[in-house]
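Please read them with the structure open beside you.

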Amino acid sequence: MLRLSATVRKLDCRDGELAQAVFSAARSRCTRGGIRGLMVGALAGKITLDGRASSFYDKQLLLHAALQVPGVIEVIDRVAVQPATAS
């Protein structure tokens, strides 16, 4: 499940819009269910991604999606790779 958590400076709503755009790009690009607990923060064009990926491939899809969003200057990757456990 993808969840948006945007860090927004009070005087600049562009950060919130950028975080939302990255979240939307991740949602449309990462459709395999391999990203869990995604949180996206934005501050002055720098995006922070937190969450878990089921594989390095899913993590790469997420990072690539974030980097393709116009206005993203830098991506800070805090996504851990943790394969989903079978129940």
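Which residue takes a positive phi in the hairpin of S1 and S2? Alanine 44 does, with a value near 55 degrees, in a hairpin that has 2 residues between the strands. The points below take up the rest of the fold, and they should be read with the reminder that this is a predicted model.

1. Overall architecture. The protein chain has 2 helices and 3 strands, and these follow one another along the sequence in the pattern α-β-β-α-β. Of its 87 residues, 40% count as buried, while the accessible surface comes to about 5300 Å², with 55% of that area belonging to carbon and sulfur atoms. Among contacts with a separation of 6 or more, 63% are made by residues 24 or more positions apart.

2. The sheet. The 3 strands form an open sheet with mixed pairing, in the order S1-S2-S3. Strand S1 (35-43) and S3 stand at the edges and have a single partner strand each, so one side of each is left without a neighbour in the sheet. From one strand to the next, the twist averages 10 degrees.

3. Strand pairing in detail. S2 and S3, by contrast, pair in the parallel sense over 8 bridges, and here the partner of glycine 51 in S3 is valine 79.

4. Helix H1 (residues 14-29) lies across S1 and S2 and runs at about 155 degrees to S1. H2 also packs on the sheet, where it touches S1, S2 and S3, and its direction makes about 160 degrees with that of S3.

5. The nonpolar core. Which residues have the most contacts inside the largest nonpolar core? They are Val22, Leu38, Val40, Ile47, Leu49 and Leu62, in a core of 22 residues. H1, S1, S2 and H2 each supply at least two residues of this core, and H1 gives the most, with 6 residues. Leucine 49 deserves a look of its own: not counting residues up to four places away in sequence, leucine 49 touches Val22, Leu38, Met39, Val40, Leu62, Leu63, Ala66, Val75, Ile76, Asp77, Arg78 and Val79.

6. First salt bridge. The structure holds 2 salt bridges. In one of them, lysine 46 is joined to glutamate 74, with the closest N and O atoms 3.8 Å apart; this pair links distant parts of the chain, since lysine 46 belongs to strand S2 (residues 46-53) and glutamate 74 to strand S3 (residues 74-81), 28 residues apart.

7. Lysine 59 forms a salt bridge with aspartate 77, and here the closest N and O atoms are 3.0 Å apart. This pair, too, links distant parts of the chain, with lysine 59 in helix H2 (residues 56-67) and aspartate 77 in strand S3, 18 residues apart. Are the two partners buried or partly exposed? Lysine 59 counts as buried because its relative accessibility is 14%, which is under the 20% limit, whereas aspartate 77 is partly exposed, with a relative accessible area of 33%.

8. Aspartate 58 has its place in helix H2, and it counts as buried because its relative accessibility is 5%. Which residues is aspartate 58 in contact with, leaving aside its neighbours within four places in sequence? They are Cys30, Arg32, Gly34, Ile35 and Ala53.

How values were computed. Residues are numbered from 1 along each chain as its sequence is written. This is a predicted model: local features need pLDDT of at least 70, side-chain atom pairs count only at pLDDT 80 or more; totals for chains, interfaces and linings use all residues. Side-chain values use heavy atoms; hydrogens and water are left out. A salt bridge is a side-chain nitrogen of Lys or Arg within 4 Å of a carboxyl oxygen of Asp or Glu. Helices (H or I, at least four residues) and strands (E, at least two) are DSSP runs, numbered from the N terminus. Buried means under 20% relative accessible area, exposed over 50%, partly exposed in between (1.4 Å probe, protein chains only). Two strands pair if DSSP finds at least two bridges between them. Axes are lines fitted to C-alpha atoms, for helices over the stretch in contact, and angles run from 0 to 180 degrees between N-to-C directions. Contact means heavy atoms within 4.5 Å. A nonpolar core is a set of buried Ala, Val, Leu, Ile, Met, Phe, Trp, Tyr and Cys residues joined through side-chain atoms within 4.5 Å. Accessible areas come from the Shrake-Rupley method with a 1.4 Å probe; for residues, only the protein chains shown count as cover.
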